[in-house]
Amino acid sequence: MARLNSLRGRLILLVALAITPMAAMTVLTGLREREHAIEVARENLQRVANLAAANEAQSIEGARQILRDLSSVPDLLGDPNDCSVLLSDILSKNTDYANFGLIRLNGDVTCSAVSSGTPVNLADRPHFRRAITERRFVAGNYVFGRVIGKHTVNLTYPVMHGDAVAAVLFAALDLAELDKFVLDVKLSPGSVLWTADANGTIISRRPDPAPWFGKKVPAPLQAALAQRPKVPVVLADADGVARLYAFARVGSHEISDYTVMIGIPYQEIVAAATRDQLIAIVGLVATVTLALLAAWFGGDVLIVRRVQALAHTANRIASGSLETRTGMRYENEEISDLARSLDEMAQALQKKDLERDAASASLQAADRRKDEFLAMLAHELRNPLAPSARAPRY
């Protein structure tokens with residue numbers, strides 16, 4: 001508190017109070033820019049996830065079109081060899097697929113584009129049973145193909161005979177080819193793209209997809225996958241990196257139950273805003289430091305020392321040194337006005353002092369003349385005038 005009572009301390013306090021609103025605005029602006037960057041990243045990330053999901057949905061929709069067209073071929077339920085030749089021809093023209101086949105109601109695969117040395121029965125496959133029960137196109141979950149030995153998802157379509165299901169067509173989509181539908185989705189370093197089936201099994205991943213096929217999505221994503229949030233959320237990933245994740249369904253419910261998840265490192269999102277905020281804070285600290293230094297040293301040179309000089313001059317004048325002057329150059333500012341007034345006061349006091357000394361000297365001279373006159377008068381009174389000559393005798 002003692003320092004705040006000094007002129008310099010009060011000057012620094014005034015400077016600090018003047019800078020406080022600017023400092024608050026700088027911090028507030030930085031926080032708003034950070035929030036804005038996160039909001040923009042959320043919007044862009046959701047848009048990218050929707051794009052990736054739409055591209056994958058387009059590939060599945062293409063499979064549905066192929067299967068629907070095949071289901072109307074009359075000879076499909078005829079000779080198995082002719083059917084296999086037909087499906088082999090279809091497979092040669094659609095390289096994204098690993099196999100096409102026909103499943104009878106008992107689950108036996110009687111027709112396949114890829115031949116198998118042993119009988120294959122798919123009665124236990126959920127997608128096969130759903131296609132019969134729901135009588136519609138069904139995109140199944142992840143499977144490892146028993147015929148082809150590859151990671152696939154089986155896309156099934158019922159072959160109708162009148163109002164009844166006669167068989168089920170399937171197209172095995174090679175998961176190694178599924179990624180090509182999202183190659184136009186540009187991801188920054190450290191970002192991850194997942195596609196999971198209804199069971200949370202990975203059917204696509206970028207980067208490095210092969211080791212992940214058939215595995216469950218990491219635990220931090222499983223809970224969010226069940227809810228499929230509409231707004232991107234920040235999740236701690238399996239590798240310990242916090243990422244902002246967006247979720248998008250692959251097509252409508254009639255297309256699939258797959259979900260695309262794209263995660264971007266959270267630190268990357270706020271890096272630019274953090275950098276700008278850091279620059280602003282550094283600038284603010286530099287400004288505050290320079291302002292306080294200016295208040296300390298500039299106030300010392302321009303105000304404090306001059307005020308101290310005025311106080312010293314006033315003290316000398318008060319002690320009787322009326323010839324003392326401030327020695328300051330008069331300018332158009334308050335301290336110069338005070339110095340001028342102090343010098344004029346000292347000059348007036350000095351003039352009056354000189355006048356008083358002159359008057360005192362005059363009085364002393366008059367006193368001396370009066371004393372001399374009185375002394376002479378007293379002498380004359382004590383010694384009357386003697387006769388100038390002895391009176392003559394008569």
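Predicted model: local features only at pLDDT ≥ 70, side-chain atom pairs only at ≥ 80, totals over all residues.
**Cavities**

I then looked at the second largest cavity, which holds about 40 Å³ of space. Its lining is made up of Arg-130, Arg-136, Phe-137, Val-138, Ala-139, His-253, Glu-254, Ile-255, Ser-256 and Asp-257. Sorted by class, that lining of the second largest cavity has four nonpolar, two polar and four charged residues.

**The largest pocket**

Next I turned to the open spaces. The largest pocket has a volume of about 180 Å³. I found 15 residues lining the largest pocket, and those closest to its centre are Val-109, Thr-110, Cys-111, Ser-112 and Ser-116. Which elements give two or more residues to this lining? They are α2 (80-93) and β2 (109-112). β2 gives the most, with four residues. I also noted the classes for the largest pocket: seven nonpolar, seven polar and one charged.

I took a further look at Val-109, which belongs to strand β2. Is Val-109 buried or exposed? Its relative accessibility is 18%, so I put Val-109 down as buried, the limit being under 20%. I also checked Val-109 against Pro-80: they are 29 residues apart in sequence, and their C-alpha atoms are 9.7 Å apart in space.

A general point to keep in mind here: in soluble globular proteins, nonpolar side chains tend to be buried together. In this model, the largest nonpolar core has 47 residues, and the ones that touch the most other members are Ile-60, Leu-67, Tyr-97, Phe-100, Leu-155 and Tyr-258. I listed the elements that each supply at least two residues of this core: α1 (7-71), α2, β1 (97-104), β4 (151-161), β5 (164-174), β9 (242-249), β10 (259-265) and α6 (266-318). α1 gives the most to this core, with twelve residues. Apart from this core I found another, of twelve residues, including Trp-194, Leu-225, Tyr-245 and Met-261.

**Aromatic rings**

How many aromatic pairs does the whole structure have? My search turned up three. In one of them, Tyr-97 and Phe-100 sit 5.2 Å apart, centre to centre, with 45° between the planes, and the pair is tilted. Tyr-97 and Phe-100 are buried, and both are in the list of residues with the most contacts to other members of the largest nonpolar core.

I then checked Tyr-245 with Phe-247. Their ring centres are 6.3 Å apart and their planes lie at 40°, so this pair is tilted too. Tyr-245 and Phe-247 are buried as well, and Tyr-245 is among the members of the twelve-residue core.

**Charges over rings**

I looked for charged ends over aromatic faces. The charged end of Arg-205 sits over the ring of Trp-194, 4.6 Å from the ring centre. Trp-194 is a name I had already met in the twelve-residue core. Lys-215 lies over the face of Trp-212, at 6.0 Å from the ring centre.

**A loop residue**

My last stop was Asp-75, in the loop between α1 and α2. Is Asp-75 buried or exposed? Asp-75 has a relative accessible area of 59%, so I wrote it down as exposed, a label that needs over 50%. I also compared Asp-75 with Gln-222: they are 147 residues apart in sequence and 45 Å apart in space, C-alpha to C-alpha.

Note on methods
Residues numbered from 1 in each chain as written. Heavy atoms only, no water. 1 Å grid on protein atoms, 1.4 Å probe; cavity = no way out; pocket = protein on both sides within 12 Å on 5 of 7 lines; lining within 4 Å. Points joined across faces, edges and corners; volume = space filled by probe spheres on them. Nonpolar A, V, L, I, M, F, W, Y, C, P; charged D, E, K, R; others polar. Core = buried A, V, L, I, M, F, W, Y, C linked by side-chain atoms within 4.5 Å. Buried < 20%, exposed > 50% of the residue type's maximum accessible area, 1.4 Å probe, protein only. Phe/Tyr/Trp six-rings, centres within 6.5 Å; stacked < 30°, edge-to-face > 60°. Lys NZ or Arg CZ within 6 Å of the ring centre and 35° of its normal.
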